[in-house]
Amino acid sequence: MRLDKVLEQQQIGSRKAVRRLFQRGLVCVNGQTVRNEGLNVEPAFHQIEVAGKELIFAGHTYFMMNKPQGAVTAVSDSEHMTVIDLIEDGERTPKLYPVGRLDRDTEGLLLITDNGQLGYELMHPSKKVTKRYEVVVNEALHSQDCRRFSEGITFIGGTRCQPAKLTILSSSPKESRAYLDITEGKFHQVKKMFLSVGKKVIFLKRISMGPLQLTPELLPGEYRRLNRDELELLLPYFETKNRNE
Ligand code: URA
């Protein structure tokens, strides 16, 4: 949650008054004066003081879901079940949304949160957050495929992908398994990358996104709150610059 919004919500003062507090160096986070009004703060990690008084505030919600095939990565959909529909009534809050998009037939790691700023930081192309996918294709995979992926695939139509890392786990003429690490999120990117080397993806599962790893106890369709260690791993994405700076 943005620090200036926390202060406004805690009725510390109007936007103008809050800005003056920052200018006068009266806002401290973990004992340090902060002038970045847009600092993303979380009660588990940040102790806020305003003019020497501690501020108690509620944090955001963070769920890790193992998205099942069949659910759409959207907040609402007139035809299909969404990933938000899978969140139990008592835990569903109006601002929850999925960070990044997985196709309806893709399963695996999805972060669902009401922290819009964190999602923005994780998905922004400049951050080059690595996403790892487990992929099964209908053909053999060879070291030349790894080389083509590492050089950067160009789709028909000219769109160029950043270099990606393909790790072949098994290969046979009918079915091969691999990990693919990419740092972008183009539409249907993984499927199109494999099509560019003449292979069809028949199973796709995201297993990590930046520092977050899908944990094995989560079956497709299940979700849980991020634990403290996982939130800590996400901290670098909280500590971003104020967009006005
Ligand atoms: N790339 C794809 O092609 N599909 C996904 O769901 C995710 C990445």
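**View 1. The domains of the predicted model.** In this predicted model, the centres of domain 1 and domain 3 lie 44 Å apart, taken over C-alpha atoms. Domain 1 spans residues 3–59. Domain 2 is built from two stretches, 62–125 and 210–233. Domain 3 covers 130–209.

View 2. An unreviewed UniProt entry annotates residues 1–60 as "domain: RNA-binding S4".

**View 3. An open sheet of four strands.** The strands follow the order E2-E1-E3-E4, and their pairing is antiparallel. Which strands form the edges? They are strand E2 (32–33) and strand E4 (53–55), and each pairs on one side only. Strand E1 (residues 27–29) and strand E3 (residues 48–50) run antiparallel and are joined by three bridges. Look for Cys 28: opposite it, in E3, stands Glu 49.

**View 4. The largest nonpolar core.** This core holds 30 residues. Those with the most contacts inside it are Ile 112, Val 135, Phe 149, Leu 180, Val 190, Met 193 and Phe 194. Several elements give two or more residues to the core: strands E5 (62–67), E7 (107–113), E8 (131–137), E10 (176–182) and E11 (201–209), along with helix H5 (189–196). Domain 2 and domain 3 each supply at least three of the core's residues.

View 5. What touches Val 135, leaving aside its neighbours within four places in sequence? Its contacts include Ser 176, Arg 177, Ala 178 and Leu 180. Val 190 and Phe 194 are also in contact with Val 135, as are Val 201, Phe 203 and Leu 204. Apart from the 30-residue core lies another core, of 19 residues. Among its members are Tyr 62, Val 129, Leu 231 and Leu 234.

**View 6. Helix H3 and its cover.** Helix H3 runs over residues 116–123. Which of its residues are buried? They are Gln 117, Leu 118, Gly 119, Glu 121 and Leu 122. The cover over these buried residues includes E5, strand E6 (97–99), E7, E11 and helix H6 (228–234). At the start of H3, a side-chain oxygen of Asn 115 comes within 3.3 Å of the backbone nitrogen of Gln 117.

How values were computed. Residues are numbered from 1 along each chain as its sequence is written. This is a predicted model: local features need pLDDT of at least 70, side-chain atom pairs count only at pLDDT 80 or more; totals for chains, interfaces and linings use all residues. Side-chain values use heavy atoms; hydrogens and water are left out. A nonpolar core is a set of buried Ala, Val, Leu, Ile, Met, Phe, Trp, Tyr and Cys residues joined through side-chain atoms within 4.5 Å. Buried means under 20% relative accessible area, exposed over 50%, partly exposed in between (1.4 Å probe, protein chains only). Domain bounds come from an automatic or database domain assignment. Contact means heavy atoms within 4.5 Å. Two strands pair if DSSP finds at least two bridges between them. A polar contact is a pair of N or O atoms within 3.5 Å; within protein, one must be able to donate a hydrogen and the other to accept it, and residues adjacent in sequence count only if both atoms are side-chain atoms. UniProt positions are given in the numbering used here, feature names are shortened, and annotations may be inferred rather than shown by experiment.
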